[in-house]
Amino acid sequence: MSALFQNYARRQINIVEGKGTIVYDDCGKRYVDFTSGIAVCTLGHAHPAIVQALQQQSEKLWHISNLFESAGQEKLATTLVQDLPLSYAFFCNSGAEANEAAIKLARKHTGKHHIIVFEQSFHGRTFGAMSATGQDKVRNGFGPLVEQFTTLPFNDVAALEAAIDETVAAIMLEPIQGEGGINVVTPEFAEAIQKICDKHNILLIVDEVQTGIGRTGTRFAFEQTALKPDIVSMAKGLGGGFPIGGILGTAQLFETFNAGTHGTTFGGNPLAVAVAQTVVEHVFNDAFLQQVQEKSAYLQEKLQLALNDEKFVIQGKGLMLGIYCGGDDVAGYVTQLEQAGLLVVQAGPKVIRLLPPLTVSEAEIDEAVAILKQTLKNEL
Ligand SMILES: Cc1ncc(COP(=O)(O)O)c(C=O)c1O
C-alpha cells in the first residue's frame, strides 16, 4: 500500500544511481537514459562540476530569501541575457511558475487579458499555465479555468490572422511542442507571429521550458526562428536536476515588475543558482553547442539508417527528437525499450521522444540506436 496519491502512472523500476547518460535501478540493472529526467539533466547525471558547485554552496549558505541582495542571481541573470535581445531575469522554481510569471507580466504590462495559445501545447499544471495549455486531458475536471485564453491550431497562419484584434495582450507558444508530440514551429508560422506582434503591439511569450538551455543546439530554440520574444520562460535544463525556473524579459518590461508585484520564497535560492550558473557556463559556449548539433546530426543519421522505413519519421531539433511510428500507439514500445535497457519518454500517444543528456557520447548513441532498431524493427 502506497501513501502517495496515485496521480502519476509510474513505471515499475526504481532508479537509484546515475553517472552521465547511464543509470542503474535498485536491482543493479543498467539503462541508457534518453529521458534526462524529461529534458532536465543537461550535463548528465552527477556531472562533477555541478556536484562540486552544490557541495561548495551547501557549506556556505542554503537559503536567505529574496528579502536580501543575491549576487548569485545577479550573475546568473547577466550570463543568461548576454548577447540576447533580453535584458532582465526573474527566478522561480519550475516551468509552470515561470509561465505564471510570464502571463502575469504580459497582462500587467499591456493592461489586457487576452492571450492566444495553441492546440497540443503544454505550459504546466498551475491555474494560469493549465488554462494556457491546449490539451483537454490536462484541463478536464478543474474548471472554471482562467479566462481569456484563445486556443488556435498550431502552425495555422490563417487561423491566427483571423483571431487578432485589439484585445490581444500576448501570443504564447513553444518553439517545439514537447509534451504535445515534437511539433516544430514552421518558418512561415514564426514569421507570421512576429509580423503580427510587431504590427499590433502584441507581446510574444516563448515557452523554452523544454527547448531552452542548449537542448536544440542553440542557447534557446527561438534563436533558430524569426521569433523575437518579449518574454522567455525556462526551467527544466536550467538547473541540470536542481529545481529552478525563471523568465527573461525585454527592457521595456522593467518597470512593470516593480517591487511587490511578483515573488516567491524559494525562487533563485543560493543552491539553485550555484548549480544553474555552472550548467549555463558549460552550455552557453560555442564549442559545446556545436557538439550538441553534431551529436544531433549523428543521432538522426544513425536513426535513419537503422529504422530505414517510411513508417518511421524523425522530428525535432538538436537533442530533442521524436520518432513517429506510422501512427502506432507507442506506449508498448516504451516498455519494451525499457526492458531492453533504454529509457525514453512519450510525446503524446504516437511519438517516442529522445532527450539524452547534452553530454551523451557517440558510443551511447550507437547503443541506444541498436536497442531502438531491435525493438521497433524486431531485428538486430
Ligand atoms: C514547454 C513546457 N512548459 C512548461 C512545463 C511545466 O514545467 P514544470 O513541470 O516544471 O512545471 C513543461 C513541462 O513539461 C513544458 O514542457
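Modeller: Helix α3 passes helix α9 in a left-handed crossing. A crossing is left-handed if the near helix is turned anticlockwise from the far one by less than a right angle, and right-handed if clockwise. Helices (H or I, at least four residues) and strands (E, at least two) are DSSP runs, numbered from the N terminus.

Biologist: Which residues of α3 and α9 make the contact?

Modeller: From α3 they are Gly72, Gln73, Lys75, Leu76, Thr79 and Leu80, and from α9 they are Val273, Ala276, Gln277, Val280 and Glu281. Contact means heavy atoms within 4.5 Å.

Biologist: How do the residues of that contact divide by class?

Modeller: Five are nonpolar, four polar and two charged. Ala, Val, Leu, Ile, Met, Phe, Trp, Tyr, Cys and Pro count as nonpolar, Asp, Glu, Lys and Arg as charged, and the others, Gly among them, as polar.

Biologist: What should I know about the model itself?

Modeller: This is a predicted model: local features need pLDDT of at least 70, side-chain atom pairs count only at pLDDT 80 or more, and totals for chains, interfaces and linings use all residues. Residues are numbered from 1 along each chain as its sequence is written, and side-chain values use heavy atoms, with hydrogens and water left out.

Biologist: Back to helices. At what angle do α10 and α12 cross?

Modeller: The axes of α10 (residues 286–307) and α12 (residues 362–376) cross at roughly 25° and come within 10 Å. Axes are lines fitted to C-alpha atoms, for helices over the stretch in contact, and angles run from 0 to 180 degrees between N-to-C directions.

Biologist: Are they roughly parallel or roughly antiparallel?

Modeller: That angle makes α10 roughly parallel to α12. Angles under 35 degrees count as roughly parallel, over 145 as roughly antiparallel, 65 to 115 as roughly perpendicular and the rest as oblique.

Biologist: And which hand does the crossing have?

Modeller: α10 passes α12 in a right-handed crossing. By class, their contact has nine nonpolar, no polar and five charged residues.

Biologist: New topic. How many residues surround the ligand?

Modeller: There are 13, and the closest are Gly95, Ala96, Asp207, Gln210 and Lys236. A residue is near a molecule or strand if one of its heavy atoms lies within 4 Å of it.

Biologist: What does the backbone of Gly95 do there?

Modeller: One of its N or O atoms lies 2.8 Å from an oxygen atom of the ligand.

Biologist: Where is Pro144?

Modeller: Pro144 is in the loop between α6 (136–139) and β6 (149–152), and the peptide bond from Gly143 to Pro144 is cis, with omega near -5°.

Terms used:
A polar contact is a pair of N or O atoms within 3.5 Å; within protein, one must be able to donate a hydrogen and the other to accept it, and residues adjacent in sequence count only if both atoms are side-chain atoms.
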